[in-house]
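The following note sets out several points on the packing and loops of this structure. Please read each point with the structure in view.

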Amino acid sequence: GRPPQLMTRILYIIKKNPQTPVRQIRNTLQETDVDLSMTTVHRRLNEQKYRGYTARCKLLVSSKNRRARLVCQEALEQPQFRKKVLWTDEMKINLYQSDGKSKVWRRE
């Protein structure tokens, strides 16, 4: 079989960045003269009880931004401030594909 160093290299890559895809792990290992298939990498991760999960959603508004919004709201209540502000709407539109869900490696 393969030496146990291989598993430690794979786990190091995963712990460094849990969103690393199997293809990138394989390419990184091939740079160090270790020839593996993607299936082998996936099997080794499954042996260590790592599974691919959908990443958790990040909160869109931090506590710092909440406070800033409250300060802004108080400023907007003043009529002379409203006359000086030009309002715009911003929207992100993906033309061809969505950003999709990102996958991460986690232990069971």
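1. In which loop is Thr-20 found? In this predicted model, Thr-20 is found in the loop between H1 and H2. Its relative accessibility is 6%, so Thr-20 counts as buried, the cut-off for that class being under 20%. If neighbours within four places in sequence are left aside, Thr-20 is in contact with Ile-13, Ile-14, Ile-25 and Trp-105.

2. The axes of helix H1 (residues 5–16) and helix H2 (residues 22–31) come within 11 Å and cross at roughly 130°. H1 is therefore oblique to H2. The crossing in which H1 passes H2 is right-handed.

3. Which residues of H1 and H2 meet? From H1 come Leu-6, Arg-9, Ile-10, Ile-13 and Ile-14, and from H2 come Ile-25, Thr-28 and Leu-29. By class, the residues of this contact of H1 with H2 are 6 nonpolar, 1 polar and 1 charged.

4. The axes of H2 and H3 are 9 Å apart, and the helices pack at an angle of about 105°. H2 is therefore roughly perpendicular to H3, since angles of 65 to 115 degrees are placed in that class. On the H2 side the contact is made by Val-22, Arg-23, Ile-25 and Arg-26, and on the H3 side by Met-38, Val-41, His-42 and Leu-45. The contact of H2 with H3 has 5 nonpolar, 1 polar and 2 charged residues.

5. How many residues does the largest nonpolar core have? There are 15 residues in this core, and those with the most contacts inside it are Ile-10, Ile-25, Leu-29 and Leu-45. H1, H2 and helix H3 (38–47) each supply at least two residues of the core. H1 gives the most, with 6 residues.

6. Not counting residues up to four places away in sequence, Leu-45 touches Met-7, Ile-10, Ile-14, Ile-25, Tyr-50 and Trp-105.

7. The loop between H3 and strand S1 (50–54) contains Gln-48. At 26% relative accessibility, Gln-48 counts as partly exposed, because that class covers values between the limits of 20% and 50%. Leaving aside neighbours within four places in sequence, Gln-48 is in contact with Met-7, Leu-11 and Arg-107. Gln-48 and Asn-17 are 31 residues apart in sequence, and their C-alpha atoms are 17 Å apart in space.

8. A point on backbone geometry follows. Most residues other than glycine have a negative phi. What is the phi of Asp-33, which is not a glycine? The phi of Asp-33 is positive, at about 65°. Asp-33 lies in the loop between H2 and H3, and its relative accessibility of 74% means that Asp-33 counts as exposed.

9. Lys-49 also has a positive phi, near 65°, and is a residue other than glycine. Lys-49 is found in the loop between H3 and S1. Its relative accessibility is 47%, so Lys-49 counts as partly exposed.

Definitions and conventions: Residues numbered from 1 in each chain as written. Predicted model: local features only at pLDDT ≥ 70, side-chain atom pairs only at ≥ 80, totals over all residues. Heavy atoms only, no water. Axes fitted to C-alpha atoms, helices over the stretch in contact; angles between N-to-C directions. Helix = DSSP H or I, 4+ residues; strand = E, 2+ residues; numbered from the N terminus. Parallel < 35°, antiparallel > 145°, perpendicular 65-115°, else oblique. Left-handed = near helix turned anticlockwise from the far one by under 90°. Contact = heavy atoms within 4.5 Å. Nonpolar A, V, L, I, M, F, W, Y, C, P; charged D, E, K, R; others polar. Core = buried A, V, L, I, M, F, W, Y, C linked by side-chain atoms within 4.5 Å. Buried < 20%, exposed > 50% of the residue type's maximum accessible area, 1.4 Å probe, protein only.
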